[in-house]
Amino acid sequence: MARTVADFLLQRLTDWGVKHIYGYPGDGINGILCALDRALDRFTFIQVRHEEEAAFMACAHAKFTGEVGVCLSTSGPGAIHLLNGAL
């Protein structure tokens with residue numbers, strides 16, 4: 001099977017020890033979500049109701065565990081909402 005850029009992105013996250021990804025799905029990240037579906041043995045995807053919530057959860061995960069916190073959202077308004085939650 002051919003590997004996509006999203007597969008390489010998830011491999012890098014695996015190399016960094018990431019096990020949890022908090023996010024809000026959308027059309028702009030379908031490639032990453034498909035790759036994430038293929039890698040469910042390595043990751044837990046926690047779907048949230050709002051992008052800010054994903055950022056809050058990733059920040060809390062990083063602060064309380066010392067691990068890398070990862071949040072995922074679509075571009076445009078979704079990315080701005082992630083910034084609001086990370087501040």
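1. The model is predicted, so local features are taken only at pLDDT of at least 70 and side-chain atom pairs only at pLDDT 80 or more, while totals for chains, interfaces and linings use all residues. Residues are numbered from 1 along each chain as its sequence is written, and side-chain values use heavy atoms, with hydrogens and water left out.

2. A salt bridge here is a side-chain nitrogen of Lys or Arg within 4 Å of a carboxyl oxygen of Asp or Glu, and by this rule the count is 1. The pair is formed by the side chains of Asp7 and Arg38, at 3.0 Å from N to O. Because Asp7 belongs to helix 1 (residues 5–15) and Arg38 to helix 2 (residues 30–38), the pair ties together parts that are 31 residues apart in sequence. Helices are DSSP runs of H or I with at least four residues, and strands are runs of E with at least two, numbered from the N terminus.

3. Asp7 is buried, with a relative accessible area of 9%, whereas Arg38 is partly exposed at 39%; buried means under 20%, exposed over 50% and partly exposed in between (1.4 Å probe, protein chains only).

4. In helix 1, the residues Ala6, Asp7, Leu10 and Leu13 are buried. They cover an arc of only 120 degrees around the axis, which puts them on the same side of helix 1, the arc being that of the directions from the helix axis to the C-beta atoms. The face turned away from this buried side carries the exposed residues Val5 and Asp15.

5. Just after helix 1, Gly17 takes a positive phi of about 85 degrees.
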